Amino acid sequence: MQPSRQSELELIKLTKRYGNTTAVDAIDLRIPSGSYCCLLGPSGCGKTSTLRMIAGHEDVSDGDILLGSRNITVLPAAARGTAMMFQSYALFPHLTAQENVAFSLKMRGVPKAERLKRAHDLLERVAMGSYAQRKPAELSGGQQQRVALARALITEPSVLLLDEPLSALDPFLRIRMRAELKRWQLELGFTFVHVTHSQEEAMALADQVVVMNGGRIEQVATPHELFNAPASEFVARFMGGHNVVKRNDQTIAIRADRMQLLRTPGQSSHALNATVRGIEYQGTYVLVSLDAEANASDDLSVMLQEAEFFNAPFEVGTSVQVAWSATDAHQLPA
Ligand code: ADP
């Protein structure tokens, strides 16, 4: 495999229509070579359609897809230099791990001895060499993921496309496999494009997060930028951990861990009166949810450090003032 291979991906006015539905609406996006990109957004926002167009599993209604210096918009899936890894891994149950990995070479007419050798080499590479003769049902979820990865890599893609690859796993395994995916991406050095509806997953994995909403791109940013400078109210709400406050024709987002709860009303203009609605212990933090004064905000939540909360606990029903410093108020477009 050639980690230095040109694998920058560029989408130009990429559009997908199904009848009257515009699933992907003229999106422009550049995914740098060798980066980990997550397409993130709620169900129905167009993530999967975008990924499937890149893979060549779905026709493009309008626009272009460039990979390196090639326009791959209308190429058949097998000729693009992309490979897809699916949610359930889609391994053939009646084939061994090695035969699963070798399968696409069989389709390409590679002689048996050669394709089995190449499959075995790849299984070694993902630390699965000693499981080559097992069938999928004889492997754990994590081992199946590695076989699926080897199977995707055998065509020597320059871009790996991952369609919700972790969502079928239990929460514990999901976090372990997530770390493993990131490690593989760094080691292999080529571009990964990963579809997820999980903010946490995107934050943990991505160099670049693309937040989608209604077939359009709301923001492209690093996880850190996304969390500290959401570009829209949608992004602030979708990422969570923020309060959106509307006052004096302005809309601001403030991180929930940057707000203070005061027992006595102050004079600050950076504050709201509110009533404690609920208290949730979360370990490092205590999450206090509040009902704000009329119409300022539909919902407030404040994360207090565990020690800070227990030094002087608040109770449900208590009237408080929620305050923040002006430097923590992030302006959102109206
Ligand atoms: P996501 O992956 O973000 O959940 P999709 O790309 O699957 O979103 O879907 C985007 C929109 O396109 C949705 O409104 C969905 O109902 C619609 N859609 C997806 N696939 C089809 C299809 N084959 N036929 C008609 N509409 C579709």
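Does Phe310 count as buried, exposed or partly exposed, and at what relative accessibility? In this predicted model, Phe310 counts as partly exposed, at 47% relative accessibility.

**View 1. Tyr281 and Phe310 form an edge-to-face aromatic pair.** The ring centres lie 5.9 Å apart, with 70 degrees between the planes. The pair links distant parts of the chain, since Tyr281 belongs to strand S14 (residues 271-281) and Phe310 to helix H9 (residues 306-311), 29 residues apart. Tyr281 counts as exposed, at 53% relative accessibility.

View 2. Phe238 is buried, with a relative accessible area of 15%, whereas Phe234, at 23%, counts as partly exposed.

**View 3. The side chain of His242 lies beside two backbone oxygens.** A polar atom of this side chain is 2.7 Å from the backbone oxygen of Phe227, and one lies 3.1 Å from that of Gly240. His242 lies in strand S11 (residues 242-247) and is buried, with a relative accessible area of 12%; its contacts beyond four places in sequence include Pro230, Ala236 and Ile254.

**View 4. Val147 is part of the largest nonpolar core.** Of the 47 residues in this core, Val101, Leu123, Val147 and Leu160 touch the most other members, and helix H4 (residues 141-153) supplies the largest share, 6 residues. Beyond four places in sequence, the contacts of Val147 include Leu91, Val101 and Leu123.

Methods: Residues numbered from 1 in each chain as written. Predicted model: local features only at pLDDT ≥ 70, side-chain atom pairs only at ≥ 80, totals over all residues. Heavy atoms only, no water. Helix = DSSP H or I, 4+ residues; strand = E, 2+ residues; numbered from the N terminus. Buried < 20%, exposed > 50% of the residue type's maximum accessible area, 1.4 Å probe, protein only. Polar contact = N/O pair within 3.5 Å; in protein donor to acceptor, adjacent residues only side chain to side chain. Contact = heavy atoms within 4.5 Å. Core = buried A, V, L, I, M, F, W, Y, C linked by side-chain atoms within 4.5 Å. Phe/Tyr/Trp six-rings, centres within 6.5 Å; stacked < 30°, edge-to-face > 60°.
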